[in-house]
Amino acid sequence: MRTVFVGPPGSGKGTQSRLLSERYGLVLIGTGDLLREAVASGSAHGVEAEHYMSRGQLVPDAVVNQIVSDFFHGKCPPPRFVLDGYPRTVSQAEYLDRALSDCHLGLSRVILFTVPVEELVRRIESRRHAENRADDTAGTVRQRLQTYEESTRPVVDYYRAKGLLAEVDATGDVEAIHQKVVALLK
Ligand code: AMP
């Protein structure tokens, strides 16, 4: 099973990708987490990424693609994985397609997590207090939602056109959402 989780900030794709990877033994690749690690390590990629993340903007494709490729040690992706928050642009989706097809692999499914915008804002506000994430400030939330609409919506259309997209209503109980995701991946 090779799946991509896509959705706006606060849609719960991080929580759901962790749950899926733990219960089904999929390798979890979360570019937000990888980028936060790069920032904390003070690497060149981290310094560049921090500039964009703190403003609620996307980190340039070249940096993110390189971080994903580094995660695979420049080799083929593992046979079973869940990608959380990548790709976020059509250019990243095309890069991923090439990387997978070079390894004679394809995606099984792309899951879109949908949540009404007022609920997203409410969730990010409470996450800000719980996790103290630098980019969960009131100022960047609106920017991140706008970035999602502008840059990541086209990724949804890209996968829909390929017949890979499945949508899940991501409001309500975490366990119930997990079960809906599992049903869509069967
Ligand atoms: P996340 O934890 O997935 O919400 O990501 C936090 C931040 O990391 C985003 O707001 C972006 O600034 C950056 N980021 C994560 N994944 C990507 C990606 N695939 N492309 C560009 N920027 C990303």
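User: What is the volume of the largest cavity in this model?
Analyst: The model is a predicted one. Its structure holds 1 cavity of 30 Å³ or more. The largest cavity has a volume of about 30 Å³.

User: How do the residues of the lining of the largest cavity divide by type?
Analyst: The lining consists of Phe5, Val6, Gly7, Lys13, Gly85, Tyr86, Pro87, Arg88 and Thr152. Gly counts as polar in this classification. The lining therefore divides into 4 nonpolar, 3 polar and 2 charged residues.

User: Is Asn65 buried or exposed?
Analyst: Asn65 belongs to helix H4, which spans residues 61-71. Its relative accessible area is 8%, and the cut-off for burial is under 20%, so Asn65 is buried.

User: Which residues is Asn65 in contact with, leaving aside its neighbours within four places in sequence?
Analyst: One of these partners, Tyr86, also lines the largest cavity. With the neighbours within four places set aside, the contacts of Asn65 are Tyr86, Gln92 and Tyr95.

User: What radius of gyration does the protein have?
Analyst: The C-alpha atoms fill a box of roughly 40 × 40 × 30 Å along the principal axes. For 186 residues, a compact globule would have a radius of gyration near 16 Å. The protein agrees with that expectation, because its own value is 16 Å.

User: In what order do the elements of the protein run from the N terminus on?
Analyst: The secondary structure comprises 8 helices and 5 strands. From the N terminus on, these elements run β-α-β-α-α-α-β-α-β-α-α-β-α.

How values were computed: Residues are numbered from 1 along each chain as its sequence is written. This is a predicted model: local features need pLDDT of at least 70, side-chain atom pairs count only at pLDDT 80 or more; totals for chains, interfaces and linings use all residues. Side-chain values use heavy atoms; hydrogens and water are left out. On a 1 Å grid over the protein atoms alone, a cavity is a set of points where a 1.4 Å probe fits but cannot get out, and a pocket is an open set with protein on both sides within 12 Å along at least five of seven lines; lining residues have an atom within 4 Å of a point. Grid points are joined across faces, edges and corners, and a volume is the space filled by probe spheres set on the points. Helices (H or I, at least four residues) and strands (E, at least two) are DSSP runs, numbered from the N terminus. Buried means under 20% relative accessible area, exposed over 50%, partly exposed in between (1.4 Å probe, protein chains only). Contact means heavy atoms within 4.5 Å. The radius of gyration is taken over C-alpha atoms; the globule rule is 2.2 Å times the number of residues to the power 0.38.
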